[in-house]
Amino acid sequence: MQRMQGSDSYAIETEGLRKSYKDVQALCGVDLRVEAGTVFGLLGPNGAGKTTAIRILTTLLPPTAGIARVAGLDVVADADALRAKIGLAGQYAAVDENLTGFENLEMVGRLYHLGRAPSRERAAELLARFDLEEAGGRLVRTYSGGMRRRLDLAAALVAQPPVVFLDEPTTGLDPRSRIGLWETIEDRAARGTTVLLTTQYLDEADRLADGIAVLDHGRIIAEGTSDELKRQVGGERIEVTLEQSSQAEAALSALTALCQEPPVADDGMIRLPVRDRHGAIAEAVRRLDHAGVAVADIAVRRPTLDDVFLTLTGRPPEPEDGEDGDGSEPEVDQREVEEAVR
Amino acid sequence: MTERLRYSIADMLVLAQRSLRRIKRQPDLLTGFTIQPVMFVLLFVWVFGGAIATPGYDDYADFLMPGIIVQTMAFGGFVTALGLSEDLKRGLVDRFRSLPMARSAVLTGRTMADLGTNALALVVMIVVGFIVGFSFSSSPIEVIGGIGLALLIGYTFSWVFAWIGLIVSSPESANAFGFILIFPLTFVSSAFVPPDTMPDWLQTFAADINPFSTMVDAERALFVGGPAGNDVWGAVAWCLGLIAVFGTLSVARYRRAVAA
């Protein structure tokens, strides 16, 4: 869709991207390649540099060094032209509280220079798609946290930009709103939009992203598909809590045939790595029952971001006082809680 | 280039509309422009007025109204400081800066909206003025000139407040900062009392240095009559100078505040 400068198939491309402040290195040479029409997850703890990367890619912040191209346009030299081709939804729902949902979207449309009537049409269309049709005429300050996020996301999509950036789109949301937002993002990707999202949650990247890069201290420490990363981390495991820890030996021998790597016993708890959890629990229960082992609890534990970090860096992710605003606690929205209670 | 200018104006109007809508939704903001100045007028005319000698004016209201109008105009831009610091805090400025819109529009839109609310406040002030005994005693052209100057003064202070809104860390401190900076300036001037009774050192400031006095004296000449001297041109020059200085500072700060 663009006159070519970089490679045709990459919607986002960076080379040696650096950003440093006086004494902080926020990004220390990041190389990214995101193919057009895919969802890319930038995974990392607070202060890893995720927000800094997004701010550079959306022209909000000039890089200290390195090259970044989005939709074939340089983020510094072609910043003006680039802004027409991107949409941004931030960590904090950047919508005007004192306008209605409709007015917010109409305003954004007009600032994309879509024109008055098309902006209004588009606003109505997006409100319907994001399940905000009824709330569209209400002031945003009466919205719940989930509704604000949906509106914020809708605002990022007003001009149907080919590349959309989502900075921690679900941080602070309740599980129901989170899943709703995931579905929306999947729907966008299915329509050919390139999406780059940052997240602190492995399950989120797992569900949404075709490709994932793990960012830590401004560096990419791992890259690949969700499966590739999980293989590095060791995949899912089943955890069995025994009624009596004296039966650990019997449990181990019953389960050994189930997995390639040997299961580990630890104070009445058996951990066994599984490649494919489908049917694995049932099979484990059957075998333990057969061996006469009494089971108090059995559960599948998925690898978390903590596991990724432990495996890749040998330490748990530590939140830092990042410059990039990542450092704050997820907001708990009272309205959201109230709505859920109702 | 002309397209760029066209977009600058279009974007400014979109954002001015946004600011004005907010005022409609938060009527308590409107009390700042209307009820508060009205209260000031009533307090000064009825409580202090009898005790303040204003040689050369038939009525204290005639002396007071031009001063209080200038004060009201100066504070009208306060909404800009409040709004900008809120936009920064809430991340709306990030959204605006990621859009293909004119960079200047966030600032020009707000100051433009202030012009609208200031016009409304001006009407309220003049009506209240009439009720407490104020009357225009100059030519219609001078009165129109005075109204134009009042709006120019308001626009000038909108840019001062824009800068304040961008340098403070929160909407609350925008409030405090604006009050501390502008409030004394309006009192140590010829707005409410003739500076003759002030101590010498203060008199020098109030009568000769404070641009606020120049503006008030200009309005007095245009509304109530009397030789304006250089005050009208002095007031216009002050306004244009302050707009140039604070406009430049604000635009520079806007780019930096977000880029930091």
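Hi everyone, let me start with a term: a residue counts as buried if 20 or more other C-beta atoms lie within 10 Å of its own, with C-beta atoms placed from the backbone. What we have here is a predicted model, where local features need pLDDT of at least 70, side-chain atom pairs count only at pLDDT 80 or more, and totals for chains, interfaces and linings use all residues. Residues are numbered from 1 along each chain as its sequence is written, while chains are lettered from A and ligands numbered from 1 in the order in which they are written.

Now, strand β9 of chain A, residues 211–216. Strands are DSSP E runs of at least two residues and helices are H or I runs of at least four, numbered from the N terminus. How many of the residues of β9(A) are buried? 6 of the 6, so the strand is largely enclosed by the rest of the structure. One side has Gly211(A), Ala213(A) and Leu215(A), and the other has Ile212(A), Val214(A) and Asp216(A).

Next, its partners; pairing takes at least two DSSP bridges. β9(A) runs parallel to β3(A), residues 39–43, over 4 bridges, and there Ile212(A) faces Gly41(A). With β10(A), residues 219–224, β9(A) is antiparallel over 5 bridges, and Ile212(A) stands opposite Gly224(A). The β9(A)–β10(A) hairpin has 2 residues between the strands, and His217(A) takes a positive phi near 50°.

Finally, the contact between chains, meaning C-beta atoms, placed from the backbone, within 7 Å. Chain A brings 23 residues and chain B brings 20. On the chain A side, α2 (79–83), β6 (86–89) and α3 (101–111) each give two or more residues, and α3(A) gives the most, with 5. Thanks, everyone!

Conventions
Buried ≥ 20, exposed ≤ 12 C-beta atoms within 10 Å, placed from the backbone. Contact = placed C-beta atoms within 7 Å.
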